[in-house]
Each structure stands twice: as C-alpha cells, then as structure tokens.
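Please open the structure in your viewer and keep the selection tool at hand. The tour below names what to select at each stop and states what is found there.

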Amino acid sequence: MAGSEQERYAGTVFRRDQIPVWTTAAAALALGIAGALARRPWHDELYTLELSRTPFAGILSALKLDSGPPGFYLICHILHLAGLDGLIALRLISAVAVAAGVWLLVAAITKPNAWRWAVGAMLATHPLLVRASGEARQYGVLFALAAVVAFVLSRPVTPKRSWLLALALAAACWIHALGLMLTGGVLVAGIAFPAAERRRIWLGGLGALIASLPWLPVMAGQPAEALAWMQHGWSQIPALVRWVLPFAEPNPAAPPSPFVELVALPVAAAVLAMIIWVAIVALGAITGRRTAAPLLLWASAGLALVAASVLLRPVYAPGRADVLFIPAATLVVAATSRWKRSVLAGIVMLAIAGAAVSAASLAVWAQEPAPPPVPAAEALARLTRPGDIVVTTGWWLLDVRYALGSRAAQLRWMTFPASSARHPGWYDDRLAEAAADEVPRLSLKLCAALKAGHGVWILRSPVLASDRLLAPAAGACGLVPVASDQPFWVLWGPTRRSRPNPG
C-alpha cells in the first residue's frame, strides 16, 4: 500500500513539474504563430521561399554565392515537396523549433516549479525568440539545437548523450555557419567536466567539425559582397557596444541592436533590466560548478564571434547570433542558488520587461503599413496583361513578385543588371557600371517584345546608380513614367500610342 501511494505521489509530482514545461512551450508556440501571422514578409524570407521551390542542385548552386550552409533550405524544400508551400508554412518551422527549445530548457531546470514558471516565462516572451519564431529563417532552428546542446551539458554526459551532442552540433553547423561558433564554445566548456565526460564532449565536437568539412571550402570561397550589408551595419555600432552586445542581448530587455526591428523599452527601464541581468549572472558565476559549463559556453562563443568579426570580416549580426547565447545564459540564471528569492524576483522582472517588448512588437507588426513593393505590385496588376515583360532593378524582383501573388506567373521577368538575379538575396549596386554593355542588348529585346504586341515595363529605382543606365533602353522603347512611389520606385511603361494592339 505504501508503495502504491509513493508511486501515486511520484506521478503527481512528475505531472506538476511538467505543467510549467508544457505551458511555457505552448505559450512560446502561440507567440511564434502570432508573429508569423502579424509580420509582413521581408527580403531574406522571400529568398528562403525562393530556394524552397528550387531543386536540391539549384539550392547548392545558389548558396555558393551566399554566406551559409544549405541545411535549413533543404528542410524547406522537403516541406515544399510534401505540399506545404508558402511563407506561413516555412515560418511554422521556426515557431515549432523555438517552442521545442523552450521545452528543453525549462525541463532542464531542477529547481521548484516557481523557478520553472519564471524562467519559462522569460524564455517564452523573449523578444529575440519571438522574432526568430515568427520568420522563415534559420535562427529558430539554430536556437533549438543550441537548447539541445545546453540540455545535454546540464546533465552528466553519458555515451548516449554524447551522440546526441554530436548530432546537434553537426546539424547546427549545417543549418548556419554560426554552428561552428557553438561547437567551439562546447569544446571550451568541456574543460569544466570530469575527464571521462570531457573526452566524450570533445569527441562529439570533433565529430561535428569533421561532418562540416565538406561545406567549409564553399564557405571560404564566397564573395565578400555576400556580407557587405553586415559590414555596413557593423561599422555603425560603437566599438564598446560591439563587445558588450553578444553578452547583453540574452537579457530579454536589452536595447535592440540596429539589425532588429523590435520595439525598445524606455532607456531607464532597459538600464534597470541590464543591472538586474548582470547581477543575476554575477551571482551565477560564484554559485559553483553547476554554472561553469554554461558560463564557458556563453563567454567563449561570444568572444569568438566578436574576435572573428574584428579580425576577419563581420560574421556577427547583433540580435541574430544571440540565439546561440540565450540557452547557455538561461542555464546560468537558473542555476543561481544564492539569495533565491531576490534572484527569482529579478527573473520575473525580466520576464515582464520581455513580455512588454514582445507585445509592443506584435502590435507594431500588425499595424505596419505596406512596404514599397506592395503598391508597385498593385500598379503592375492594374496595368499589365499576361505575357508582358517586367524588368526589375536592384532588390525588387523577389518582393514585387511575391506581392503580385499568382498573377506573377503570367508575366515574364528580367532583371537589370542581369547579375542581380544570380543572387536576389543581396545585391551591390556599386557594381552596376560593369553592366553598361548590357543596355543595347536589353533595348533590342524589349523593342522586339513591343513589336510582337507585348507590354514592356521597367521598375526603376531612382536612388540607385544603375537607374541612369536604363534611360537609353526606356527611350528606345518609347516608355514613359506611368506610376511611382518616390523616392523608392518609378514604373515606366508604354504609352497607348507606343503599345501595339495585338488585335
């Protein structure tokens, strides 16, 4: 009888311990879905959608011009083959991944339920995780894999867990180049473990690095232009802030970086949250051995990212790579044992601040006005006929084509310069001068299309240097401005007189 009562009691405790685990994971999933439905698509997501509809060989070919490995795009392509096509479907990958990561991290906490509720709330409402879970990019999956790594390191590393660690690290390396930084951090964190576990950790990390070797030559040979946008953003960040951000942004109320379109807290509230964060982490650092591994993982990965960005080329976009740091920082916070009530109150305050930022961000995303590609697409939908040719300049191809929806398939698309279609995810207009010799051939093609009875439309960008190169082609075809949204775009098309009637 006593045994059955004990079993019933153990089962009750187990179920109670699981309530915050499942509840906070469900809250993270709900916020991710809310973000996925509220946010307007942005350019990089449309590039993900483009590659999801591309055969495997095409994905690998395209990524030779990108800055990362193909793992996430292959997952998206498999989803496309399964019939789950579209941006929302791809965003749900991230939402589920972030929810799974939250589940793992809360389950890793061995303290009473109050701690699980507080830390789970801090994670579920974390603005950077809400952002990552609501977009069709790699960062939600990267967070989930980092959470697997943190979960394994929070337990004795048995032979079976070392295999799980190796698989998670290898997958992270194939999902994003930042997986290499995570692997390096794990190798450093292994120092904090007993000899037998340390060997398993190091073997797992070494196995992940070996598994990533096939992609390293491709990554090393990618053009500098692929990261030119990050170079510009990196130069805008004060030097001291560059070093602080990797360790500050796991704080859910940290001031957002220039790369993140999250709503910011008032400065005073953000400073207070930073003080709370630093105090909790400092307490965690002196708590003892339980925090040694996550502290080493967090610090070494952060320092490696900043050092690589300073010494090599920018590899770190604040607000993006932080998904690597949040799991380790969370375990540092959760392992803090001194002044328990004060630390718990601090975590609750951070969760409230993060929830305020996330709620405000969701509200802003839901009310965000239509970006310039939308009225451009509306003008094309109003003016074009099936079979017409549309020439886009700069970055407009993916965005305008997506905004047109099914109507886009009825049109023929060209880009100027032609090289901008090789990788529509990034484009450097400073190289447009090299495309001047393309203009005569483009003019001949457009004029021939006009004579055949098709409409010709050029979506020009007045702010780009390439715009003036198109003037001869527009003049040769008798095109005139027919719609505009200055200073973003001007649509040039045929007048009634210059457009033959197929009938």
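**The largest cavity**

About 100 Å³ of space lies in the largest cavity. A cavity is a set of points on a 1 Å grid over the protein atoms alone where a 1.4 Å probe fits but cannot get out; its volume is the space filled by probe spheres set on the points, which are joined across faces, edges and corners. The model is predicted, so local features need pLDDT of at least 70 and side-chain atom pairs count only at pLDDT 80 or more, while totals for chains, interfaces and linings use all residues. Residues are numbered from 1 along each chain as its sequence is written, and side-chain values use heavy atoms, without hydrogens and water.

Select P127, P252, A254, P256 and L262, which lie nearest the centre of this cavity among its 15 lining residues; a lining residue has an atom within 4 Å of a point.

**The cysteines**

Next, select C173. The structure holds zero disulfides, a disulfide being a pair of cysteine sulfur atoms within 2.5 Å. The cysteine sulfur nearest to C173 is that of C76, 19 Å away. For C477, the nearest is that of C447, at 3.2 Å.

**Two cis peptide bonds**

Most peptide bonds are trans. Now select F416 and P417: the bond between them is cis, with omega near -10 degrees. P417 lies in the loop between β2 (412–416) and α21 (438–451). Finally, select Q486 and P487, whose peptide bond is also cis, with omega near 0 degrees.

Definitions and conventions:
On a 1 Å grid over the protein atoms alone, a cavity is a set of points where a 1.4 Å probe fits but cannot get out, and a pocket is an open set with protein on both sides within 12 Å along at least five of seven lines; lining residues have an atom within 4 Å of a point. Helices (H or I, at least four residues) and strands (E, at least two) are DSSP runs, numbered from the N terminus.
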